[in-house]
Amino acid sequence: MNYRHAFHAGNFADVLKHLVLVRVLAHLAAKPKPFRAIDTHAGLGVYDLEAEEAGRTGEWHDGFGRLDAPFAPEVEALLAPYRAAVAAVRARHGATTYPGSPAIIRESLRAGDKGVFVELHPADAQTLAHRYASDTRTKVMHLDGWTALNALIPPPERRGLVLIDPPYEERGEIDRLGASLLKAARKWPTGIYLGWYPIKDVSGVDRMAAALDAGLERPALRLDLMIERPDDPARLTGTGLVVINPPWTLAAEAELFLPALAERLARNGYGAFRCEPLGREE
């Protein structure tokens with residue numbers, strides 16, 4: 001599949017990815033030591049939900065657009081930083097915008113923290129560089145994201161996260177994600193890694209997760225959100241993240257927000273989730 005961010009901004013996959021990203025950023029910001037957040041496939045950073053690309057698919061209506069009504073208080077408490085980040089980006093860029101991962105990261109950076117946004121598409125990288133040119137906490141790199149994953153770790157701070165969310169334009173990228181995560185975790189064992197994937201063929205995701213479970217020497221979580229029955233491997237029916245070295249609270253948090261999202265975002269009466277440990281317990 002071709003998962004260019006502009007066509008899918010604010011959809012159900014963004015909701016899960018950005019909620020988990022914000023939870024991890026909040027964990028890092030809870031301690032005073034600076035951190036670095038690296039986004040290997042950054043996109044444009046900010047998207048207009050009324051632009052042609054988002055309007056052509058309208059996917060945000062069944063994603064972020066379904067979050068208007070409040071959840072139970074314990075779930076709302078977990079969503080609050082995510083909602084705040086979206087509100088902050090809209091205050092900067094307009095009420096119809098939705099943040100990409102770079103904008104989410106930027107809203108979480110403190111004075112000593114760094115955000116590194118990597119984008120291969122030349123025009124997108126140029127737009128991203130112009131957008132964040134005045135923010136000395138951020139750096140934009142025109143580079144292949146898979147190359148950057150190996151080149152940019154470990155960071156000088158020795159503390160932080162790497163988000164890997166490729167467009168899945170080529171065959172085998174699910175397996176490439178798993179192999180790249182194993183390699184990265186060996187090079188920087190204490191880093192937090194978030195590997196995002198769309199779910200069409202569940203067997204491919206299961207294969208990747210099994211390889212990670214067998215090969216990782218660090219703890220990890222598999223977080224899946226299904227919004228349709230996975231009966232047709234040609235259709236996008238879910239999304240997920242592998243989180244290596246997850247914050248110690250994340251599994252319990254996911255057990256709260258995943259069922260709430262599965263119920264709220266379900267299509268045709270079906271919603272499901274998975275929160276499973278992978279790798280080695282510390």
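Where is the place of D165, in a helix, a strand or a loop? In this predicted model, D165 sits in the loop between strand 6 (160–164) and helix 8 (173–187). UniProt, in an unreviewed entry, assigns the feature "active site" to D165. With a relative accessible area of 1%, D165 falls under the 20% limit and is therefore buried. Apart from neighbours within four places in sequence, the residues in contact with D165 are H5, K17, D39, T40, H41, S101 and W196. One of these, K17, makes a polar contact with D165 through the two side chains, at 2.9 Å.

The unreviewed UniProt entry also lists D165 under "binding site", together with H18, H41, S101, E119, D144 and G145. Two of these positions are worth a visit in turn. S101 belongs to helix 5 (residues 101–108) and is buried, with a relative accessibility of 3%. Beyond four places in sequence, S101 touches K17, H18, L21, D39, L163 and D165. The side chains of S101 and H18 are joined by a polar contact of 3.2 Å.

E119, for its part, lies in strand 4 and is likewise buried, at 10% relative accessibility. Once neighbours within four places in sequence are set aside, E119 is in contact with H41, A42, G43, D124, A125, L128, M141, H142 and L143. Among these, A42 places its backbone nitrogen 3.5 Å from a polar atom of the E119 side chain.

The surroundings of strand 4 complete this part of the picture. Five of the six residues of strand 4 (residues 114–119) are buried, so this strand is largely enclosed by the rest of the structure. Strand 4 pairs with strand 1 (residues 36–39) in the parallel sense over four bridges, and V116 is the bridge partner of I38. Strand 4 also runs parallel to strand 5 (residues 138–142), to which five bridges join it; here F117 stands opposite V140. Together with helix 6 (residues 122–131), strands 4 and 5 make a right-handed β-α-β unit.

Note on methods:
Residues are numbered from 1 along each chain as its sequence is written. This is a predicted model: local features need pLDDT of at least 70, side-chain atom pairs count only at pLDDT 80 or more; totals for chains, interfaces and linings use all residues. Side-chain values use heavy atoms; hydrogens and water are left out. Buried means under 20% relative accessible area, exposed over 50%, partly exposed in between (1.4 Å probe, protein chains only). Helices (H or I, at least four residues) and strands (E, at least two) are DSSP runs, numbered from the N terminus. Two strands pair if DSSP finds at least two bridges between them. A crossover is right-handed if, with the strands pointing away from the viewer, the path from the first strand over the helix to the second runs clockwise. UniProt positions are given in the numbering used here, feature names are shortened, and annotations may be inferred rather than shown by experiment. Contact means heavy atoms within 4.5 Å. A polar contact is a pair of N or O atoms within 3.5 Å; within protein, one must be able to donate a hydrogen and the other to accept it, and residues adjacent in sequence count only if both atoms are side-chain atoms.
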